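Reader: I would like a close look at one part of this protein. Please take me through its pockets, then the helix packing beside them.

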Amino acid sequence: MSNVYVLDHPLIQHKLTYIRKKETGTKDFRELVDEVATLMAFEITRDLPVEEVDIQTPVVDDAKAKVLSGKKVGLVPILRAGLGMVDGMVNMIPAAKIGHVGLYRDPETLKPVEYYVKMPSDISERELIVLDPMLATGGSAIEAIHSLKKRGAKQIRLMCLVAAPEGVRLMQEAHPDVDIYLAALDEKLDEKGYIVPGLGDAGDRLYGTK
(Lines give C-alpha, C1' and ligand atoms only; values in the text may rest on other atoms or scores of the structure.)
Protein backbone atom coordinates (compact mmCIF):
# COMPACT_ATOMS: atom_id res chain seq x y z
CA MET A 1 0.00 0.00 0.00
CA SER A 2 2.48 2.54 -1.26
CA ASN A 3 0.38 5.68 -0.71
CA VAL A 4 -0.93 4.69 2.75
CA TYR A 5 0.78 6.12 5.81
CA VAL A 6 -0.01 4.74 9.27
CA LEU A 7 1.03 7.29 11.88
CA ASP A 8 2.32 5.15 14.72
CA HIS A 9 3.53 7.91 17.05
CA PRO A 10 3.14 6.67 20.66
CA LEU A 11 0.89 9.60 21.66
CA ILE A 12 -1.43 8.97 18.72
CA GLN A 13 -1.63 5.27 19.51
CA HIS A 14 -2.21 5.88 23.23
CA LYS A 15 -5.07 8.30 22.63
CA LEU A 16 -6.57 6.12 19.90
CA THR A 17 -6.87 3.29 22.43
CA TYR A 18 -9.13 5.46 24.60
CA ILE A 19 -11.12 6.56 21.54
CA ARG A 20 -11.79 2.89 20.80
CA LYS A 21 -12.90 1.99 24.33
CA LYS A 22 -16.62 1.39 24.64
CA GLU A 23 -16.87 3.14 28.00
CA THR A 24 -15.37 6.44 26.76
CA GLY A 25 -18.16 9.01 26.99
CA THR A 26 -19.08 11.75 24.54
CA LYS A 27 -17.07 14.55 26.20
CA ASP A 28 -13.87 12.52 26.43
CA PHE A 29 -14.37 11.01 22.97
CA ARG A 30 -14.73 14.46 21.43
CA GLU A 31 -11.63 15.79 23.22
CA LEU A 32 -9.55 12.76 22.26
CA VAL A 33 -10.51 13.00 18.58
CA ASP A 34 -9.55 16.67 18.68
CA GLU A 35 -6.17 15.84 20.25
CA VAL A 36 -5.38 13.03 17.81
CA ALA A 37 -6.26 15.28 14.87
CA THR A 38 -3.78 17.85 16.20
CA LEU A 39 -1.07 15.21 16.50
CA MET A 40 -1.80 13.86 13.02
CA ALA A 41 -1.56 17.40 11.66
CA PHE A 42 2.17 17.37 12.47
CA GLU A 43 2.72 14.28 10.32
CA ILE A 44 0.44 15.13 7.40
CA THR A 45 2.10 18.54 7.00
CA ARG A 46 5.67 17.29 7.33
CA ASP A 47 6.48 17.99 3.68
CA LEU A 48 4.98 21.48 3.41
CA PRO A 49 7.58 23.72 1.75
CA VAL A 50 9.46 26.35 3.74
CA GLU A 51 11.60 29.31 2.77
CA GLU A 52 14.36 31.21 4.52
CA VAL A 53 13.78 34.75 5.77
CA ASP A 54 15.84 37.36 7.60
CA ILE A 55 14.61 38.33 11.06
CA GLN A 56 15.77 40.23 14.10
CA THR A 57 15.98 38.45 17.44
CA PRO A 58 16.61 40.07 20.84
CA VAL A 59 20.25 39.05 20.38
CA VAL A 60 21.13 39.69 16.69
CA ASP A 61 19.84 41.83 13.84
CA ASP A 62 20.33 39.41 10.95
CA ALA A 63 19.26 35.88 11.85
CA LYS A 64 18.18 33.37 9.20
CA ALA A 65 14.94 31.53 9.98
CA LYS A 66 12.33 29.45 8.18
CA VAL A 67 8.65 30.07 7.50
CA LEU A 68 6.04 28.27 5.44
CA SER A 69 6.47 29.34 1.82
CA GLY A 70 2.86 30.28 1.20
CA LYS A 71 1.41 26.86 0.38
CA LYS A 72 -2.34 27.22 0.77
CA VAL A 73 -4.13 24.51 2.76
CA GLY A 74 -7.83 23.64 2.78
CA LEU A 75 -9.62 21.35 5.22
CA VAL A 76 -12.67 19.44 3.99
CA PRO A 77 -14.60 17.49 6.64
CA ILE A 78 -17.13 14.96 5.39
CA LEU A 79 -20.33 15.70 7.31
CA ARG A 80 -21.01 15.03 10.00
CA ALA A 81 -18.30 12.99 11.72
CA GLY A 82 -15.47 14.78 9.92
CA LEU A 83 -16.37 17.97 11.81
CA GLY A 84 -14.91 16.39 14.95
CA MET A 85 -11.42 16.56 13.42
CA VAL A 86 -11.51 20.18 12.21
CA ASP A 87 -10.60 22.05 15.39
CA GLY A 88 -7.58 19.85 16.02
CA MET A 89 -6.26 20.62 12.55
CA VAL A 90 -7.03 24.34 12.81
CA ASN A 91 -5.01 24.46 16.04
CA MET A 92 -1.94 23.78 13.91
CA ILE A 93 -2.99 25.42 10.62
CA PRO A 94 -5.05 28.47 11.65
CA ALA A 95 -4.91 30.05 8.18
CA ALA A 96 -6.51 27.03 6.49
CA LYS A 97 -9.78 27.60 4.66
CA ILE A 98 -12.56 25.09 5.42
CA GLY A 99 -14.98 23.51 2.96
CA HIS A 100 -17.72 20.96 3.66
CA VAL A 101 -19.08 17.92 1.86
CA GLY A 102 -22.39 16.36 2.97
CA LEU A 103 -23.34 12.84 1.86
CA TYR A 104 -26.06 10.38 2.83
CA ARG A 105 -26.50 6.73 1.90
CA ASP A 106 -29.41 5.93 -0.41
CA PRO A 107 -31.44 3.25 1.43
CA GLU A 108 -32.14 1.34 -1.78
CA THR A 109 -28.85 1.50 -3.68
CA LEU A 110 -26.72 1.88 -0.51
CA LYS A 111 -24.57 4.33 -2.49
CA PRO A 112 -23.57 7.78 -1.19
CA VAL A 113 -25.60 10.73 -2.46
CA GLU A 114 -24.26 14.27 -2.27
CA TYR A 115 -26.60 16.75 -0.58
CA TYR A 116 -24.30 19.64 0.32
CA VAL A 117 -21.00 21.02 -0.96
CA LYS A 118 -19.49 24.39 -0.05
CA MET A 119 -15.88 25.08 -0.94
CA PRO A 120 -13.41 27.98 -0.90
CA SER A 121 -13.32 29.64 -4.33
CA ASP A 122 -9.64 28.82 -4.87
CA ILE A 123 -9.57 25.07 -4.18
CA SER A 124 -7.54 24.44 -7.35
CA GLU A 125 -4.67 26.32 -5.67
CA ARG A 126 -4.92 24.57 -2.32
CA GLU A 127 -3.58 21.40 -0.79
CA LEU A 128 -6.85 19.86 0.42
CA ILE A 129 -7.02 17.53 3.40
CA VAL A 130 -10.26 15.54 3.50
CA LEU A 131 -11.24 14.60 7.07
CA ASP A 132 -13.32 11.59 8.09
CA PRO A 133 -12.73 9.52 11.25
CA MET A 134 -13.44 6.21 9.51
CA LEU A 135 -12.67 4.72 6.11
CA ALA A 136 -14.91 1.65 6.09
CA THR A 137 -16.37 0.70 2.71
CA GLY A 138 -14.77 3.81 1.22
CA GLY A 139 -17.95 4.94 -0.53
CA SER A 140 -18.31 8.33 1.16
CA ALA A 141 -14.66 9.31 0.86
CA ILE A 142 -14.49 8.22 -2.78
CA GLU A 143 -17.58 10.25 -3.65
CA ALA A 144 -16.40 13.28 -1.66
CA ILE A 145 -13.09 13.30 -3.52
CA HIS A 146 -14.92 12.93 -6.86
CA SER A 147 -16.87 16.07 -5.88
CA LEU A 148 -13.68 17.98 -5.14
CA LYS A 149 -12.04 16.96 -8.40
CA LYS A 150 -15.14 17.99 -10.36
CA ARG A 151 -14.74 21.44 -8.83
CA GLY A 152 -11.11 21.77 -9.84
CA ALA A 153 -9.15 20.32 -6.90
CA LYS A 154 -5.76 18.97 -7.94
CA GLN A 155 -3.95 18.18 -4.68
CA ILE A 156 -5.89 16.06 -2.18
CA ARG A 157 -4.98 13.99 0.86
CA LEU A 158 -7.30 11.89 3.02
CA MET A 159 -6.92 11.74 6.80
CA CYS A 160 -8.80 9.16 8.92
CA LEU A 161 -8.45 7.72 12.40
CA VAL A 162 -9.12 4.09 11.45
CA ALA A 163 -9.60 2.27 8.17
CA ALA A 164 -10.50 -1.20 6.91
CA PRO A 165 -8.30 -2.80 4.22
CA GLU A 166 -11.38 -3.14 1.96
CA GLY A 167 -11.99 0.61 2.02
CA VAL A 168 -8.33 1.43 1.48
CA ARG A 169 -8.19 -0.82 -1.59
CA LEU A 170 -11.28 0.75 -3.14
CA MET A 171 -9.95 4.23 -2.43
CA GLN A 172 -6.65 3.37 -4.11
CA GLU A 173 -8.46 2.02 -7.16
CA ALA A 174 -10.74 5.08 -7.44
CA HIS A 175 -8.15 7.75 -6.57
CA PRO A 176 -4.59 6.42 -6.89
CA ASP A 177 -3.26 9.99 -6.72
CA VAL A 178 -4.62 10.60 -3.19
CA ASP A 179 -2.34 9.80 -0.26
CA ILE A 180 -4.09 8.25 2.76
CA TYR A 181 -3.04 9.04 6.35
CA LEU A 182 -4.32 6.81 9.17
CA ALA A 183 -3.86 6.43 12.90
CA ALA A 184 -4.57 2.69 12.42
CA LEU A 185 -5.23 0.20 9.64
CA ASP A 186 -7.66 -2.25 11.22
CA GLU A 187 -8.39 -5.91 10.50
CA LYS A 188 -11.52 -6.01 8.32
CA LEU A 189 -15.16 -5.05 7.82
CA ASP A 190 -17.85 -7.14 9.48
CA GLU A 191 -21.05 -8.29 7.76
CA LYS A 192 -22.75 -4.97 8.65
CA GLY A 193 -19.95 -2.88 7.17
CA TYR A 194 -18.42 -1.85 10.52
CA ILE A 195 -14.65 -1.66 10.93
CA VAL A 196 -13.24 -4.40 13.20
CA PRO A 197 -12.06 -3.74 15.90
CA GLY A 198 -12.94 -0.15 15.00
CA LEU A 199 -14.44 2.43 17.32
CA GLY A 200 -18.18 2.20 16.65
CA ASP A 201 -20.10 4.96 14.90
CA ALA A 202 -17.89 8.06 15.16
CA GLY A 203 -20.75 10.50 14.49
CA ASP A 204 -22.95 9.03 17.21
CA ARG A 205 -20.08 8.98 19.70
CA LEU A 206 -19.04 12.54 18.91
CA TYR A 207 -22.52 14.00 19.22
CA GLY A 208 -24.23 11.69 21.69
CA THR A 209 -26.79 10.35 19.21
CA LYS A 210 -27.91 6.86 18.31
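Author: This is a predicted model. Start with the second largest pocket, which holds about 280 Å³ of space. It is lined by 15 residues. Closest to its centre are Leu48, Leu68, Val73, Met92 and Ile93. Helix 2 (26-44) and strand 4 each give two or more residues to this lining. By class, the lining of the second largest pocket has 10 nonpolar, 2 polar and 3 charged residues.

Now the largest pocket. Its space comes to about 820 Å³. The lining has 27 residues, and those closest to the centre are Arg105, Asp132, Met134, Ser140 and Asp201. Strand 4 (72-79) supplies at least two lining residues here. So do strand 6 (100-105), strand 9 (134-135), helix 4 and helix 6 (202-207).

Helix 4 leads on to the helix packing. Helix 4 (residues 139-150) packs with helix 5 (residues 165-174) at an angle of about 20°, and their axes are 9 Å apart. That angle makes helix 4 roughly parallel to helix 5. The crossing of helix 4 past helix 5 is right-handed. On helix 4, the contact is made by Ala141, Ile142 and Ile145. On helix 5, Leu170, Met171 and Ala174 make the contact. By class, this contact has 6 nonpolar residues, no polar residues and no charged residues.

Note on methods
Residues numbered from 1 in each chain as written. Predicted model: local features only at pLDDT ≥ 70, side-chain atom pairs only at ≥ 80, totals over all residues. Heavy atoms only, no water. Axes fitted to C-alpha atoms, helices over the stretch in contact; angles between N-to-C directions. Helix = DSSP H or I, 4+ residues; strand = E, 2+ residues; numbered from the N terminus. Parallel < 35°, antiparallel > 145°, perpendicular 65-115°, else oblique. Left-handed = near helix turned anticlockwise from the far one by under 90°. Contact = heavy atoms within 4.5 Å. Nonpolar A, V, L, I, M, F, W, Y, C, P; charged D, E, K, R; others polar. 1 Å grid on protein atoms, 1.4 Å probe; cavity = no way out; pocket = protein on both sides within 12 Å on 5 of 7 lines; lining within 4 Å. Points joined across faces, edges and corners; volume = space filled by probe spheres on them.
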